[in-house]
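Please look over the sequence and the fold before reading on.

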Amino acid sequence: MTTDAAADTSTRALRAARLAAQGLGDGFDAPGDAVQRLVCVQAQDLAAAKWVLGARVPGSVEATIDGAIEDRSFVRSWPMRGTLHFVAPGMLRPILRLTAARLMQRAAKSHRDEGIDDEVHAAARAVAIRELEGGRSASREQLQDAWQAAGIPTAGQRGYHLIWRLAVEGLLCCGPVETRARQRFVLLDEWSPAAPDEPETAEETLALLFAGYLRGHGPATVRDFAWWTGLTLTQARTAVDAAGDAVVAVADGRFVAADAADPVVRAASSRHVLAPFDEYFLGYGDRTAFCSPDDALRVVPGKNGLFLPILVSAGEVVGTWRRSPERRGATSVAVASFTGAVDLDAFRPAFEAWARFWSTDLGDLSVADR
């Protein structure tokens with residue numbers, strides 16, 4: 001069963017506020033504006049992450065997002081939760097200073113199993129610098145081939161773990177777009193040099209991160225923030241204190257950013273076709289305000305970490321959808337409703353915007369067989 005979109009006035013208001021905070025009301029002028037608001041956008045699936053931004057930038061197409069990547073409006077790396085995100089450039093290094101030690105601790109066994117000790121790490125780092133310095137870039141395969149040639153094996157997941165470790169310590173990040181789903185690797189300090197006004201202390205970073213999270217996701221709780229960042233609850237509570245007057249406590253243990261605009265209530269009546277891993281679903285530890293626990297299992301079938309794209313109506317997750325391979329310039333879509341019925345015509349404009357983003361026509365729009 002789903003949550004009841006019409007039953008609870010406070011729940012409807014919460015959904016409306018979050019839609020507005022996330023830019024799913026009026027949207028943003030540019031992809032960089034969306035990332036600045038959201039601070040971090042999960043992006044292990046690059047193509048899906050492009051539509052996360054595209055859904056928030058009216059009239060955008062894939063090339064709009066690729067252009068923003070190329071002009072360094074945001075950076076893609078592993079700042080938190082051990083997975084790839086688009087992140088506002090001025091926050092990547094400060095966030096890594098908060099999260100890297102814990103991420104490395106969690107990865108320690110995997111690195112031991114892969115034989116990645118300090119000596120191997122130092123050798124891999126030296127090769128990466130040699131291959132990339134001077135503004136050069138390399139694909140994952142090219143970087144791993146360079147390691148292999150230097151006597152550093154990369155079989156299995158070893159090559160990935162080396163890249164991940166060098167990114168978490170702030171040496172590498174993703175750079176130029178290679179394909180729809182891939183970027184090349186570059187040296188972070190060359191691709192996106194540190195800005196002079198970046199926060200330096202842990203407290204300053206926690207304050208900016210918590211206020212920024214609320215600006216793009218609020219109202220939300222301290223536990224939501226801890227889930228989103230992968231920080232401890234102790235760190236999350238420190239962030240509340242550090243943020244001070246920049247955040248305001250509201251109902252039910254939630255906070256909002258003090259400078260957040262009033263919720264755009266009309267946004268709650270809109271319908272959205274969102275990507276897998278979209279921040280509207282993924283950005284909260286507690287998703288019950290917009291998706292029942294039973295339906296959340298349908299978004300992540302088998303709890304396998306693979307999220308399906310979602311349909312959102314009045315702020316409620318009401319179904320999932322799947323695209324078919326493009327055929328004769330058109331892409332058909334089948335939707336699976338959680339409510340037992342779905343108004344396909346009501347969602348058609350959102351699907352047409354999605355199709356335009358990917359430079360295809362919308363083909364058949366149908367209800368998936370159960």
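The points below go through strand pairing, cores, cavities and a pocket.

This is a predicted model, in which local features need pLDDT of at least 70 and side-chain atom pairs count only at pLDDT 80 or more, while totals for chains, interfaces and linings use all residues. Residues are numbered from 1 along each chain as its sequence is written, and side-chain values use heavy atoms, with hydrogens and water left out.

- Helices (H or I, at least four residues) and strands (E, at least two) are DSSP runs numbered from the N terminus, and two strands pair if DSSP finds at least two bridges between them.
- Strand β10 (residues 310–313) pairs with β9 (residues 271–274) in the antiparallel sense over 4 bridges, and V312 of β10 is the bridge partner of H272.
- β10 also pairs with β11 (residues 316–323), again antiparallel and over 4 bridges; here V317 is the bridge partner of V312.
- The hairpin of β10 and β11 has 2 residues between the strands, and A314 in the turn has a positive phi of about 55°.
- In a regular strand the side chains alternate between the two faces of the sheet.
- In β10, I310 and V312 point one way and L311 and S313 the other way, and all are buried (under 20% relative accessible area with a 1.4 Å probe, protein chains only; exposed is over 50%, partly exposed in between).

**Strands β6, β7 and β8**

- An open antiparallel sheet of 3 strands has the order β6-β8-β7.
- Its edge strands, β6 (220–221) and β7 (247–249), each pair on one side only.
- β6 and β8 (residues 254–257) share 2 bridges, and T221 has R254 as its bridge partner in β8.

**Nonpolar cores**

- A nonpolar core is a set of buried Ala, Val, Leu, Ile, Met, Phe, Trp, Tyr and Cys residues joined through side-chain atoms within 4.5 Å.
- The largest one has 52 residues, and F210, F225, F281 and V317 touch the most other members.
- Helix α10 (residues 202–217) gives the largest share of this core, 7 residues.
- Beyond its neighbours within four places in sequence, V317 is in contact with residues including F281, F290, I310, V312 and F338 (contact means heavy atoms within 4.5 Å).

**Cavities and a pocket**

- On a 1 Å grid over the protein atoms alone, a cavity is a set of points where a 1.4 Å probe fits but cannot get out; a pocket is an open set with protein on both sides within 12 Å along at least five of seven lines, and lining residues have an atom within 4 Å of a point.
- Grid points are joined across faces, edges and corners, and a volume is the space filled by probe spheres set on the points.
- The structure holds 2 cavities of 30 Å³ or more.
- The largest cavity has about 60 Å³ of space, and its lining consists of R81, T99, R102, L103, R106, T229, G230 and L231.
- Helix α5 (residues 89–113) supplies 4 residues, the largest share of that lining.
- The second largest cavity has about 40 Å³, and F74, R76, C174 and W191 are among the residues lining it.
- The second largest pocket has a volume of about 400 Å³ and 25 lining residues, of which W51, G54, A55, P58 and A353 lie nearest its centre.
- α3 (46–54), β9 and α15 (344–357) each supply at least two residues of this pocket lining.
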